[in-house]
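Please read them with the coordinates open.

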Amino acid sequence: MRAQSSATTPSRIAVGGKSRPAGAATPVTAASRRTGTLLAALGVVAFSLTFPATAWGLEGFGPWSLVAVRSVLAALIAGSCLLALRVPLPGRVHLAGLAVVAAGVVVGFPLLTTLALQTSTTAHAAVVVGLLPLTTALFSALRMGTRPSRTFWTAALAGAAAVVAFTVQQSGGALTTADLYLFGALLVCAAGYTEGGRLARVMPGWQVIGWALVLCLPLSVPAAALALSYEPVRLSAHSVAGLLWVAAGSQFLGLVVWYRGMAAIGIPKASQLQLAQPLLTLVWSVLLLGEHLTVAAPLTAAAVLVCIAVTQRARG
């Protein structure tokens, strides 16, 4: 594979009978917005299974082993795709951004949430996901200069408040030592999402997460070997299924469609779709982990869906 040249000769391509620079952004149409929304939503569904799958994985793996092995497996999948399609190496100008994605999405968020889930329930950990859309929008405003409307921010804050109230109520209102891990995961993941969404405008989203995973291999391979030598492994159907999902589903496929969706509809609006993620996580927790929900769930779901509808219609 060869590196992409950072300097190319401008060319023009025909679009609707007119010409525009080849490097110019593709015009956003109603169809592309719908497709982008669908892709981002599929990413949210994939992410909603992460905490239950992690809980399954922790039944057979230690936290450090689970995180390192999932990173290695996801990198092997991504690297195989990059090699098979003969994708050229990313240009040097993109390496810093890919490093941020790797630190936040590949290493930081999985590690911190896995450590938190040793002592926290999935319902309590879902507070992180509930606050993530607002935090991602804030990072986007700081990093990329986006300025969503007042209506957007009002709906986003209302949706975040509804999710936080619901998830805290589900956990009995108790704060645990895992909160430090969760708040740290919130910050690093928002940074990774923002940088990944920016990069997905200049390269396909699957290549963004693919290269980020590959960049981590020099660290994840020795980390996996070291962790597996110290932490006991008890293979079971649950632990293997959990590991495979967080590696292939959450760490790669989910991020592929998520970054592509963000590139199509914008980081702030895509991030608000994640307001539904804690509720989906709680549904999976009932079905897969046997946890119980209160009657507040449908009321919160309705409030969140209203907020999502408002943020999707509000102009940035």
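The points below concern a buried arginine, a group of aromatic rings and a cavity, all taken from a predicted model.

1. The model is predicted, and the values quoted in this note are computed from it. Arginine 70 sits in helix α3, which spans residues 63-84. With a relative accessible area of 4%, arginine 70 is buried, because the cut-off for that class is under 20%.

2. Which residues does arginine 70 touch, if those up to four places away in sequence are not counted? The contacts are Thr54, Pro110, Leu243, Val246, Ala247, Ser250 and Gln251. Serine 250 is 180 residues from arginine 70 in sequence, yet the two C-alpha atoms are 9.7 Å apart in space.

3. Two polar partners of the arginine 70 side chain deserve a look. The side chain of arginine 70 reaches the backbone oxygen of valine 246 at 3.5 Å, and a polar contact of 3.0 Å joins it to the side chain of glutamine 251.

4. A search of the whole structure gives five aromatic pairs. One of them is formed by phenylalanine 47 and tryptophan 258, whose ring centres are 5.9 Å apart and whose planes stand at 75 degrees, so the pair is edge-to-face. This pair links distant parts of the chain, since phenylalanine 47 belongs to helix α1 (residues 30-48) and tryptophan 258 to helix α10 (residues 237-265), 211 residues apart.

5. Tyrosine 193 also pairs with tryptophan 258: the ring centres lie 5.5 Å apart and the planes are at 55 degrees, so this pair is tilted. Because tyrosine 193 lies in helix α7 (residues 178-199) and tryptophan 258 in helix α10, the pair ties together parts that are 65 residues apart in sequence. Phe47, Tyr193 and Trp258 form one aromatic cluster.

6. The search for cavities of 30 Å³ or more finds one in the whole structure, and the largest cavity holds about 160 Å³ of space. Its lining has 17 residues, of which Phe47, Thr50, Phe109, Tyr193 and Ser250 are the closest to its centre.

7. Helices α2 (50-57), α4 (95-116), α5 (122-144), α7 and α10 each supply at least two residues of the lining of the largest cavity, and the largest share, four residues, comes from α4. By type, the lining divides into 10 nonpolar residues, six polar and one charged.

How values were computed. Residues are numbered from 1 along each chain as its sequence is written. This is a predicted model: local features need pLDDT of at least 70, side-chain atom pairs count only at pLDDT 80 or more; totals for chains, interfaces and linings use all residues. Side-chain values use heavy atoms; hydrogens and water are left out. Buried means under 20% relative accessible area, exposed over 50%, partly exposed in between (1.4 Å probe, protein chains only). Contact means heavy atoms within 4.5 Å. A polar contact is a pair of N or O atoms within 3.5 Å; within protein, one must be able to donate a hydrogen and the other to accept it, and residues adjacent in sequence count only if both atoms are side-chain atoms. Rings of Phe, Tyr and Trp (its six-membered ring) pair if their centres lie within 6.5 Å; planes under 30 degrees apart count as stacked, over 60 as edge-to-face and the rest as tilted. On a 1 Å grid over the protein atoms alone, a cavity is a set of points where a 1.4 Å probe fits but cannot get out, and a pocket is an open set with protein on both sides within 12 Å along at least five of seven lines; lining residues have an atom within 4 Å of a point. Grid points are joined across faces, edges and corners, and a volume is the space filled by probe spheres set on the points. Ala, Val, Leu, Ile, Met, Phe, Trp, Tyr, Cys and Pro count as nonpolar, Asp, Glu, Lys and Arg as charged, and the others, Gly among them, as polar.
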